[in-house]
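Work through the exercises below with the structure open beside you. Try each task before reading its solution.

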Amino acid sequence: MQLKHKRKRTKNILNYVIFMGPSILFFTVLFLIPLFTEIVFAFTDWNGIDRGFNWVGLYQFKRVLQDDQYWYSMWFTIKFSFFVVIFSNLLGFFWAYLLSRRIPLANLWKALIYLPRILGGVVLGYLWRFIFQEVFVQFGEATGWSWFSQMWFTTASSSFWALVIVMTWTLSGYLMVIYNAGFSAIDDTFIEAATIDGASKPQILFKVIIPLLMPSITRCLFIAINWAMLLYDTNLSLTNGNPFRLSEGVTMNIYSTAFQTNQMTFGAAKSFIFVLILVVISLTQVKLTSSREVQQ
Amino acid sequence: MTGAKFKERADVVIRLILVAVSVIIILIPIYYTVMNSFKDAKEIADNISALPKHPNLDNYKDAWRRLNFPVAFKNTFIVTLFSTIGVVIFASMNGYWIARHNNPFTKVWTVLFLSGMSVPFQCIMITFAKMIGLLNLGNKYFGVVVSFWALSIPMAMFLTSGAVKSIPIEIEEAAIIDGCNAFTTFWLVVFPLIKGTIFTIASLNVLTYWNNYLMTQFILTKKNMRTIQIAMQSLFNEALFSWDTAVAAVSLSMLPLFIFFIIAQKQVLGGATAGAVKG
């Protein structure tokens, strides 16, 4: 009897190894250990090569606080994210609203609006570099609209708005799909009841649809904030920090600290602070918007 | 009544016009890029909006050679394929087991995997790069593939876990009585039932893997190991060339994605909403 019990136990452990083992192994080696060591290294002066290192407490964090370029890139990223989040959510919501009623070819429109989203960050940046530096410039010269024909990526503001435009272009369609799912989950009877009660269209939108869509809004804001804040590929390919590191996002700043100037532990402290700020912003947003959610 | 019907019609027409105008504006950048890729540099500089006078593939030949496109395509394809297959296998098994076994061990790992979903790659990239060197995974397909597994298992696992929970457990109990063990129960009974979610996970990840740059660049640095994204970045970084080749390179690297999107459009759009659970 005891033998049978023991055999069953071994078999059970074997099942855990088969089902969870690979996932746990890969995840531990390439995620958990790097995460843990990165946090630990932020408190040391390890140079990335030598075997030994010293504990330096909060020294690296103090350096981060004094690094003006880092805080410039942080502020740049937050400002950039603010505009991208607002624009992409407004557009995504607007398109989902248009597509919330049965219109001909709805699936085709949806696919085409989503299309920019499938392009990878590097390709995206080079595609738009052509649009800004060639198409916009020729368009501006032809029409006399000097905003279009400015020297793109030679001023801080042109790089900033270029990034905002490109990220809005790629993110809006994605948010549209999520809002669209939210719209189709709304029970039509609510809107019918409101119509019968004599509510106008704007009233229905603001008093019925938007409150019912709060879960989608929470979700879309969260996604947009995270995508915008974590910007890297497009930053690299579109502006590459030009001019003079004035369009450098936080990830690019951390990357150059850790890999171009080889200050790994300094970079680790930077990424640690960055993620803390990101988490605080995301949690505040989720708290603010989810408190407005209503039961359907 | 006819008035109401007319209003209804007008509403649809207005929506249709607004959507069509939006779509045109969205597609303008892609249209200009692709259209100009058939012109030479002088034609582009003369009038960017004019259709190509002598459409030819010279730019594409140049871009094909400079990107080393067949090799870059092959690398991207291999990495994407094996990453996707692996994540589906490992994450679905893991997600299934966690959904069906509620004990301290699975609970602890659920929390740890959850951390994997909420901590961005940026926070681990420095030591991750060291780890790749330490494990000697640099410039190996396996290195990229296994890293993608590690990073995307959490989300894929939670998606399968959710799908498994919606299946009545009686089906599995019946399978066990019929002589299935845990392994065959999962693959023969449960897996076919969660196929929809599996397709969603796959299509969601295919695009992520195909387009990844930040993580891949740490691993695939050799010239003949480059993926399309990395080949694009080094092309624009290293070589001096004119916009005619550049737009052809951009168009060329977009092409596989467009083909994939046309084929798997439904799954990709479905995946977009499912993936949004992340968070």
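A salt bridge is a side-chain nitrogen of Lys or Arg within 4 Å of a carboxyl oxygen of Asp or Glu. Keep in mind that the model is predicted.

**Exercise 1. The salt-bridge network**

Task: Find which residues are linked with A:Arg101 in a network of salt bridges.

Solution. 
Step 1. Look at A:Arg101 and B:Asp11. Their side chains meet in a salt bridge, at 3.1 Å from N to O. That value is within the 4 Å cut-off.
Step 2. Collect the members. The network links A:Arg101 and A:Lys201 with B:Glu8, B:Asp11 and B:Arg15.
Step 3. The interface of chain A and chain B has 3 salt bridges.

**Exercise 2. The interface**

Task: Describe the contact between chain A and chain B by its residues and its buried area.

Solution. 
Step 1. Count the residues. Chain A gives 84 and chain B gives 89.
Step 2. Take the area. The two chains bury about 8000 Å² between them. Carbon and sulfur atoms carry 77% of this.
Step 3. Count the polar contacts. There are 25 residue pairs in polar contact between the chains, with both residues at pLDDT 80 or more.

**Exercise 3. Salt bridges inside one chain**

Task: Compare how the partners are placed in B:Lys42 with B:Asp46, and in B:Arg100 with B:Glu172.

Solution. 
Step 1. Start with B:Lys42 and B:Asp46. Their closest N and O atoms are 2.8 Å apart.
Step 2. Check the sequence. The two are 4 residues apart in helix α2 (residues 41–46) of chain B, so about one helical turn separates them.
Step 3. Check exposure. B:Lys42 is exposed at 58% relative accessibility, and B:Asp46 is exposed at 51%.
Step 4. Turn to B:Arg100 and B:Glu172. Their closest N and O atoms are 2.8 Å apart.
Step 5. Locate them. B:Arg100 lies in helix α4 (residues 69–100) of chain B and B:Glu172 in helix α8 (residues 170–177), so this pair ties together parts 72 residues apart in sequence. B:Glu172 is buried, at 6% relative accessible area.

**Exercise 4. Buried or exposed?**

Task: Decide whether A:Asn180 is buried or exposed, and find its contacts.

Solution. 
Step 1. Locate A:Asn180. It sits in helix α6 (residues 156–185) of chain A.
Step 2. Apply the cut-off: buried means under 20% relative accessible area. A:Asn180 has 11%, so it is buried.
Step 3. List the contacts, setting aside neighbours within four places in sequence. They are A:Ala96, A:Leu99 and A:Lys110.

**Exercise 5. An enclosed helix**

Task: Explain why helix α12 (residues 228–238) of chain B is largely enclosed by the rest of the structure.

Solution. 
Step 1. Name the buried residues. Among them are B:Ile228, B:Met232 and B:Phe236.
Step 2. Use the count. Because 9 of the 11 residues are buried, the helix is largely enclosed by the rest of the structure.

Key: Residues numbered from 1 in each chain as written. Chains lettered and ligands numbered in written order. Predicted model: local features only at pLDDT ≥ 70, side-chain atom pairs only at ≥ 80, totals over all residues. Heavy atoms only, no water. Contact = heavy atoms within 4.5 Å. Buried area = accessible area lost by both parts, 1.4 Å probe. Polar contact = N/O pair within 3.5 Å; in protein donor to acceptor, adjacent residues only side chain to side chain. Buried < 20%, exposed > 50% of the residue type's maximum accessible area, 1.4 Å probe, protein only.
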